[in-house]
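Visitor: Hi, I'm new to this one. Could you walk me through it?
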Amino acid sequence: MAGSGVSTALDTNGVAASYRADFPGVGADWHYLDSAATAQKPKAVLDAIARAYGPDYATVHRGVYARSANMTLAYEAARKRVAGFLGAASENEIVFTSGATDSINLVAESWGNKYISKGDRIMLSQLEHHSNIVPWQMLAERVGAHIDVAPLTGDGQIDLDWIEDHLTEQHKLVALAHVSNVLGSLLDAKRAAAIAHKVGAKLLLDGCQAAPRLPVDVQDLGCDFYVFSGHKIYGPTGIGALWAPYETLEAMPPWKGGGSMIDRVSFDGTTYAPPPGRFEAGTPHIVGVVGLDAAIQYVESIGLDVISEHENATLAKAREALSGINSVRVFGPDKSMGILSFAVGDVHPHDVATILDEGGVAIRAGHHCAQPLMDYLGVPATARASFGIYSDDNDVAALVDGINRVRKIFG
């Protein structure tokens with residue numbers, strides 16, 4: 001496709017047809033284009049959750065009876081699978097959390113409180129999700145640090161040249177989205193890591209939109225922290241992970257206190273478990289971890305390269321179709337990852353989404369938890385279509401038909 005930067009020779013309908021039946025939530029007459037918010041769940045994940053809440057259910061790490069021991073094995077096997085999924089050196093570098101937001105807050109509250117102090121600086125970008133802004137603002141306010149915000153290039157990429165020119169030894173952390181949840185723009189993460197490390201700063205990558213769409217190898221990327229949420233990679237809600245090198249985790253103090261994260265407790269003092277246990281206080285989301293394991297197995301059985309090629313080919317078709325419609329403004333780079341934000345003239349995105357929903361097309365409309373980016377783009381909100389392995393040409397056609405209906409209604 002001319003100008004898309006993405007080949008569309010792939011038979012996207014054929015790929016989607018191979019997997020669409022795996023998703024009970026995706027109907028023939030319903031066009032789900034909100035996968036960036038949360039992905040639909042395959043039967044394999046739903047079945048794993050049902051078994052974990054049913055005949056396999058027991059607590060972990062505490063029981064000596066057989067079912068508890070088996071569930072503990074399953075729980076820790078999931079940790080090993082996440083480690084492999086991210087290219088970690090060891091499963092002990094994986095901390096289970098309630099999601100990416102929880103993971104970022106953990107880093108801010110534990111690592112940040114220890115290593116960032118008055119006068120230090122944190123580098124963010126204009127396109128960050130609120131979850132990668134607010135925890136750093138809270139930390140900065142608490143300790144007296146400063147936040148710098150990198151602008152975007154003309155096509156919606158994080159301006160790494162600007163970051164390289166403005167980073168100083170005062171910067172202790174650079175926190176960036178690996179893939180933008182609004183623009184779909186892909187960060188050159190290896191370059192970002194090299195730039196950060198040149199001044200001695202750490203790099204945290206928000207991988208929520210990257211992990212479902214492309215292979216991730218944290219050691220190859222060179223980042224220092226990586227976070228993602230399970231529900232965006234076809235898994236359950238309420239579960240996610242933080243990766244960091246073991247020596248980094250070992251140097252971080254606990255954030256939440258309670259059961260499981262301890263070594264020995266007395267009223268004279270408490271000693272803490274080694275990582276990752278010291279960061280997993282209380283009874284964990286056992287079933288969520290099992291569901292996450294099943295989701296990663298499902299994704300890996302397809303291949304992230306296949307998923308990426310399919311989503312990008314479908315996106316390229318949608319981008320070309322929308323770019324040819326008068327009054328439609330498409331945001332972000334031509335070559336983006338499975339996410340397409342747009343505006344239809346002066347029609348509010350909520351009205352666009354409502355009319356599309358009447359035709360069985362589900363998109364997201366709003367600020368997408370990225371209000372600073374909306375201000376930067378000069379709009380109150382955008383409409384956003386996002387794709388998954390189950391998306392096909394019929395979804396794109398329904399999206400285009402719905403937008404044409406919006407134009408007719410609003411003249």
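Predicted model: local features only at pLDDT ≥ 70, side-chain atom pairs only at ≥ 80, totals over all residues.

Visitor: Okay, helices. Which residues of α2 are buried?

Guide: In α2, residues 43-53, they are Val45, Ala48, Ile49 and Ala52. They sit on the same side of α2, because they cover an arc of only 100° around the axis. Buried means under 20% relative accessible area, exposed is over 50%, and partly exposed is in between (1.4 Å probe, protein chains only). The arc is taken from the directions from the helix axis to the C-beta atoms. Helices (H or I, at least four residues) and strands (E, at least two) are DSSP runs, numbered from the N terminus.

Visitor: And what covers the buried residues of α2?

Guide: The cover includes α3 (66-86) and α10 (286-302).

Visitor: What about α12, which residues are buried there?

Guide: In α12, residues 349-358, the buried ones are Pro349, Val352, Ala353, Ile355 and Leu356. Seen down the axis of α12, these fall within an arc of 165°, so they line one face of the helix. They pack against β12 (339-344), β13 (361-362), β14 (364-366), β15 (382-386) and α14 (393-410). Just after α12 comes Gly360, with a positive phi of about 80°.

Visitor: Switching to the core. How many residues does the largest nonpolar core have?

Guide: It has 82 residues, and Leu86 and Tyr226 have the most contacts inside it. The largest share, 11 residues, comes from α10. A nonpolar core here is a set of buried Ala, Val, Leu, Ile, Met, Phe, Trp, Tyr and Cys residues joined through side-chain atoms within 4.5 Å. In soluble globular proteins, nonpolar side chains tend to be buried together.

Visitor: What does Leu86 touch?

Guide: Not counting residues up to four places away in sequence, Leu86 touches Ile94, Val216, Asp217, Val218, Tyr226, Phe228 and Trp243. Contact means heavy atoms within 4.5 Å.

Visitor: Now the holes. How much space lies in the largest pocket?

Guide: About 270 Å³. It is lined by 17 residues, and the closest to its centre are Phe96, Thr97, Ser98, Asp102 and Ala281. β2 (94-97) and α4 (100-115) each supply at least two residues of that lining. On a 1 Å grid over the protein atoms alone, a pocket is an open set of points with protein on both sides within 12 Å along at least five of seven lines, a cavity is a set of points where a 1.4 Å probe fits but cannot get out, and lining residues have an atom within 4 Å of a point. Grid points are joined across faces, edges and corners, and a volume is the space filled by probe spheres set on the points.

Visitor: What about the second largest pocket, which residues lie nearest its centre?

Guide: Those are Ala100, His129, Cys208, Ser229 and Lys232, out of 19 lining residues. The space there is about 210 Å³. α4 gives the largest share of the lining, three residues.

Visitor: Is Ser229 buried or exposed?

Guide: Buried, with a relative accessible area of 7%. Ser229 is in strand β7 (residues 225-229). Leaving aside neighbours within four places in sequence, Ser229 is in contact with Gly99, Ala100, Cys208, Ile239 and Gly240.

Visitor: How many cavities of 30 Å³ or more are there?

Guide: The count comes to one. The largest cavity holds about 30 Å³ of space, and its lining includes Ser35, Lys232 and Phe387.

Visitor: Last topic: where is Thr271?

Guide: Thr271 is in strand β10 (residues 269-272). Thr271 is partly exposed, with a relative accessible area of 39%. Not counting residues up to four places away in sequence, Thr271 touches Ile262, Asp263 and Arg264.

Visitor: And Val149?

Guide: Val149 lies in strand β4 (residues 146-150) and is partly exposed, at 41% relative accessible area.

Notes
Residues numbered from 1 in each chain as written. Heavy atoms only, no water.
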